[in-house]
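Please walk through this structure one part at a time. The text starts where two chains meet and then turns to a stretch within one chain.

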Number of protein chains: 4
Amino acid sequence: METATYTEQLTLAERYIKVRKHTEKICAPLQTEDYVVQPVVDVSPPKWHIGHTTWFFETFILKPYFMGYQEYNAEFNYVFNSYYETVGNRVIRTDRGNLSRPTVIDIMRYREYVDDAMNKFLCEEPSEEVKELLVLGFNHEEQHQELLYTDIKYILGHNPLFPAYSHEYHSPKVEKTDEDFIMMDEGIYEIGFNGDGFCFDNELNRHKVYLNAYEISPDLVTNAEYLEFINSGGYHDFRHWHAEGWDWVNTNKVEAPLYWHLIHGEWYNYTYNGLEPVEMKQPVCHISYFEAYAFAAWKGMRLATEFEWEAASAQFGWGKSWEWTESSYLPYPGFAKAPGAIGEYNGKFMVNQKVLRGASEVTSPGHSRATYRNFFQTHLRWQFTGIRLVR
Amino acid sequence: METATYTEQLTLAERYIKVRKHTEKICAPLQTEDYVVQPVVDVSPPKWHIGHTTWFFETFILKPYFMGYQEYNAEFNYVFNSYYETVGNRVIRTDRGNLSRPTVIDIMRYREYVDDAMNKFLCEEPSEEVKELLVLGFNHEEQHQELLYTDIKYILGHNPLFPAYSHEYHSPKVEKTDEDFIMMDEGIYEIGFNGDGFCFDNELNRHKVYLNAYEISPDLVTNAEYLEFINSGGYHDFRHWHAEGWDWVNTNKVEAPLYWHLIHGEWYNYTYNGLEPVEMKQPVCHISYFEAYAFAAWKGMRLATEFEWEAASAQFGWGKSWEWTESSYLPYPGFAKAPGAIGEYNGKFMVNQKVLRGASEVTSPGHSRATYRNFFQTHLRWQFTGIRLVR
Amino acid sequence: METATYTEQLTLAERYIKVRKHTEKICAPLQTEDYVVQPVVDVSPPKWHIGHTTWFFETFILKPYFMGYQEYNAEFNYVFNSYYETVGNRVIRTDRGNLSRPTVIDIMRYREYVDDAMNKFLCEEPSEEVKELLVLGFNHEEQHQELLYTDIKYILGHNPLFPAYSHEYHSPKVEKTDEDFIMMDEGIYEIGFNGDGFCFDNELNRHKVYLNAYEISPDLVTNAEYLEFINSGGYHDFRHWHAEGWDWVNTNKVEAPLYWHLIHGEWYNYTYNGLEPVEMKQPVCHISYFEAYAFAAWKGMRLATEFEWEAASAQFGWGKSWEWTESSYLPYPGFAKAPGAIGEYNGKFMVNQKVLRGASEVTSPGHSRATYRNFFQTHLRWQFTGIRLVR
Amino acid sequence: METATYTEQLTLAERYIKVRKHTEKICAPLQTEDYVVQPVVDVSPPKWHIGHTTWFFETFILKPYFMGYQEYNAEFNYVFNSYYETVGNRVIRTDRGNLSRPTVIDIMRYREYVDDAMNKFLCEEPSEEVKELLVLGFNHEEQHQELLYTDIKYILGHNPLFPAYSHEYHSPKVEKTDEDFIMMDEGIYEIGFNGDGFCFDNELNRHKVYLNAYEISPDLVTNAEYLEFINSGGYHDFRHWHAEGWDWVNTNKVEAPLYWHLIHGEWYNYTYNGLEPVEMKQPVCHISYFEAYAFAAWKGMRLATEFEWEAASAQFGWGKSWEWTESSYLPYPGFAKAPGAIGEYNGKFMVNQKVLRGASEVTSPGHSRATYRNFFQTHLRWQFTGIRLVR
């Protein structure tokens, strides 16, 4: 069920405006140039996110359902399609950072045009079918809001000047509980979404899973604990690593989490406020699955499966950073793709990725539910990814 | 439990000889040149397999346990180590096909030397610890016997002259049952090894798994059925494929299973007897996980999980080709790595690979058990890999 | 000798301002976003050119020679150094398009700051040593003005929207002379700079060269002539190509000059005014050396050497596009590198590049002299490069 | 003119046998496995050379000119064609080391078959046209004899066991003259072949070249001198290197000539007799053009152009190792390709390569003439390449 507190009382039209404004608010501190670059393939230029989320509403709602709607610019379909093979050609993902046009202002105009049309369209109560697409569109844009945050961090954090995103951004702090591991009994648990609000197709169906007894930490691993791993030579001892992880460490000469810099013997961390000393009591963040696994192995423990995580999630605090699980991203029993382009949303990524559970400091509130499944490839680090141990 | 019929009555010394001779028998039809080449990184030169399996007994049994044993040649450690980081440097895997020395005759001499020492060593009853290593060594060599078969097929099958391996090799034929799908009830199943013979660490521990009801085919998908997929444009319709699989198909211009060739409008298949017309009633083979998944999606069905496969395996025939499952290769609950180099055997590969179940026509008989877990990356095709459908 | 018409009457201070303003004028039609991107490694973002030419005056003149000068920002040294290994670390060339900061406005402020300091510095007559550096700085900036033009064309011409740079830009037109080939006698010719104005070190020393008799075309090859080559299958017949050129054509699937697009059966050309039908009577442009060579081979002729070109250059019109020569870029007899960072200017590129002679429509007037040597790798096409035939 | 001493008195039939036998003699010390591998793309498996030189006579002489000749095996055309695009498909060069078949014995049978046919064919006096092709065939095979030597050295010298090729191979020794540099006057020199024996098309036509005065060393640079360069940090100072050479050094972490190994503080050199201490008085060998250039720059000197080398060559000893020149490999005035496949011999490589002059210890005697032009890419080191200085 969607968190009632902030959506229940809004009409769809109000919610549309709210979601759309929030995207613009995230981008407000940026310079025009920050909207353009793509330092690695996984990061998209902010202006692309702004155009793409707009394209989504135009393509899946206005064009098929709003009689008489005039497409803004047919060429934008080519520029802002992400990976929907069903919907024609698209700029390949590695080329997004090579496009200076359309400019930020052009895209903002496109955004306004589509927002105007959507506002008109939403004056009348839409059909159930459209309502579902609308809610998917809101959630889609909220996912891109999270990506905007992480991509902006990457863009600024890899600039040699290390500019701050905003000095008004305040990263939430987490207190360690210092409580013991939570003991979970062997048995059958129910997994998957069962509310009546929105969820993604990959959270369905709710189904039974048999779990062995396990103990799960109430806390995330801290920077201080992770630094012990570094200082004990963890990055240089193959025994902790998967073979593929060991190759990754050596090929990329990885020595610390992303955004960590050793300056005159002290560890600094690039944050939205610029370079700052690493806060030792906060959860370690921006690590790959390979690193999470190696840390756990070094500790003589392991990561939770996504089922273990979900089964125990009510008993610990979460929501500061996404937590790597040991589970591969696979369909739940009875998973079925939606027909058409919408069906490309999740299913086609269900191979060679790991599930993340929880939510991060930049996740939209509506996505913070215990059944939500995020997923990334094992080497990626630009999301706010952390470690929770199981034994 | 190991298949009693062929091992029970043998002493360890007899079994040692039997295993070792079998490796040599597999290589008997080869020309010297066939032992040397490595056409792709996943294929090792046959002479490397012969040396490596010998090195395994020398390194893990003779050197630590046979008093007074003189190492044959210290440099061979460097040449024949496969991936054991614990045991010193090694020739990187991509370089195996660049080594003309040691020659086949040199390696055969090394093999004789180690066999002589092993025979002496096995005159006396070894300790339990050594017995375990011995049995691991036998199973290790049997795994390499399977790899020898598949690597030889790749080496000869990618030669423009398409030479036969042996005209005495007879591929087993499979009859389709034409029976209906087997219905399996929802409930708890026990998974994992529980006999008292040898098994690999990745088959332990036996544990409970909850399965939803499912129906599983009693037959493997045939070449005829797969050809329908090809002819209906299956390789050119992104909707059946994972995003990563779609990239793989397009980058590599894949149009058919490995070893298939379209010659004057007819499909031929490279076999151990040379090029032959595709046998339409036999199971399709040498396909990647991506292809197995896409075929199932095109059929509106899916692959089995490894648990579904194991739970139903007593009710259908298997053993002609390895069967791709939907399951990622992950540790079972309570999985623990052995200490030292032996601990590198399985655990470090448990990421970004898919489990295969069953056994193929070139699998050693002792490996054909329902709990055996093979695993490969999703794009690989040089093993005898096939498809069983679930709905 | 520098072309007296436009420089003689200017003081160094006036000339400084003139050169600097011209760079800004070239950029005036750009949107902020156009300053940022780097679609291929050979193209630099316009904002980088603006910063780099500023850094040049700051580094080589203000810092060493202007007492009391305060460096604007020490980190800019890292960002705007191009390839001068002598002058500390630098952002690697492939990363220039990943930098959103410093912004265009930041760089313009840096530019103003340095210009102010330079203006003050130039109030007094500088030493001869500084004068030489100043003139080098002017020429350096003029070379970057040409690169700005070509890089801007690449950035806009590879955007799927094909935006015009400016509708006020008018490309000069060339009339074909229709005269016969010019006959040149066998004998000794003098090659290299011998005036008393500025020249680059690679134009020195003037020296004797022995040439066989040759005939050189008074005209550049036209688009119409090149289209014949295309239509006769020139891109698909290996006999016209160098082995390396043939690989390049096939790997990159080259079928026409850069910026040519076949739309509904008609050839279009991206120009500074946007997409326009190819003008058949104008010289073919934006081709690689490989293509120039293949065209000449197809014609049964060849390209000129740089010596043949220079010896005959007074007898034909040139200056519309750079002309590929058959000559490799090598030092003239007695060539000597300047000491220090300035010595890195030309010499270190004298391998695996071809000499271009002439000047293009976007070359600064002061660079249009018969002894000027430009040079590029054989596969590059983003400069205005054309073909003149010899037989 | 070909060196009369060893060819004049032989008939074409005798010479055919002599050349063919010599190839076999070079291979005599090899093990079967040594014939098969291709450790880098530039090195071909010895069995490929043996087949390719045979294919040359079959394709260009027997098939077109010997009435009734039966092709040995049509598929061999595909396997042993090197780069002749005119003559059908071919195994791509990087795949040569992946072919175990045809075996060495198969190829030797093919060789015998072709030799028998050639011997019969040569019983009658061939036409002038065929004579020319025959002499080209001899020279072609002699070039491959040199490549056989260098490829064998690479194959054995990159094996971790460092096996000797033959203990009967005696590398010629060179005495340093300790004489002063030879002074050459400014003026016109004649360059190119002007004898009446065989030469390659790239040595024609003889033509005039104007040279400035220069001084050329009578000796090659020795290992001792090169070691000074290494010890003074030459590989770590960008100032000596071309930009492209500097990239090559750093990407490949080059620290010494190919085949040099620093073992317990002493430099060893892989030779045909196995690993031996570097002989300090012998010429340095197996270096790239980049290294030759950097060494000369470090010395404050330069390499000779190929014209300077040829003009002075009568005044110094040469023939121990090929000498890098500063000249790019370009056609001489009036160069014309032969029609058909033979025309692919030289011309299509005339881009981005440097000329080598002289001859090495493994060059066929008939190729040791002052006008002979060898050529390689600037990064290659597996030939016997050395340095002669000019100032």
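In this predicted model, chain A and chain C are in contact through 28 residues of chain A and 28 residues of chain C. The two chains bury about 2,400 Å² between them. Carbon and sulfur atoms account for 61% of that area. On the side of chain A, the residues that lose the most area to chain C are Glu33(A), Arg101(A) and Leu161(A). Together these residues make up 30% of what the chain A side buries.

Charged and polar groups also meet across this interface. Two salt bridges are found between chain A and chain C. In one salt bridge, the side chain of Asp34(A) meets the side chain of Arg101(C), with 2.6 Å from N to O. Eight residue pairs are in polar contact across the interface of chain A and chain C, counting pairs with both residues at pLDDT 80 or more.

Which helices of chain A each supply at least two residues of the side that touches chain C? They are helix H4 (74-80), helix H5 (104-121) and helix H6 (128-157). H4(A) gives the most to this side, with four residues. Sorted by class, the side of chain A that touches chain C has 16 nonpolar residues, eight polar residues and four charged residues.

The last stop is a stretch of chain A taken from a record. An unreviewed UniProt entry lists residues 180-313 of chain A as "domain: Sulfatase-modifying factor enzyme-like". Over residues 180-313, chain A is 27% helix and 24% strand. The C-alpha atoms at the ends of this stretch are 15 Å apart.

Technical notes:
Residues are numbered from 1 along each chain as its sequence is written. Chains are lettered from A and ligands numbered from 1 in the order in which they are written. This is a predicted model: local features need pLDDT of at least 70, side-chain atom pairs count only at pLDDT 80 or more; totals for chains, interfaces and linings use all residues. Side-chain values use heavy atoms; hydrogens and water are left out. Contact means heavy atoms within 4.5 Å. Buried area is the accessible area (1.4 Å probe) that two parts lose on being put together, summed over both. A salt bridge is a side-chain nitrogen of Lys or Arg within 4 Å of a carboxyl oxygen of Asp or Glu. A polar contact is a pair of N or O atoms within 3.5 Å; within protein, one must be able to donate a hydrogen and the other to accept it, and residues adjacent in sequence count only if both atoms are side-chain atoms. Ala, Val, Leu, Ile, Met, Phe, Trp, Tyr, Cys and Pro count as nonpolar, Asp, Glu, Lys and Arg as charged, and the others, Gly among them, as polar. UniProt positions are given in the numbering used here, feature names are shortened, and annotations may be inferred rather than shown by experiment.
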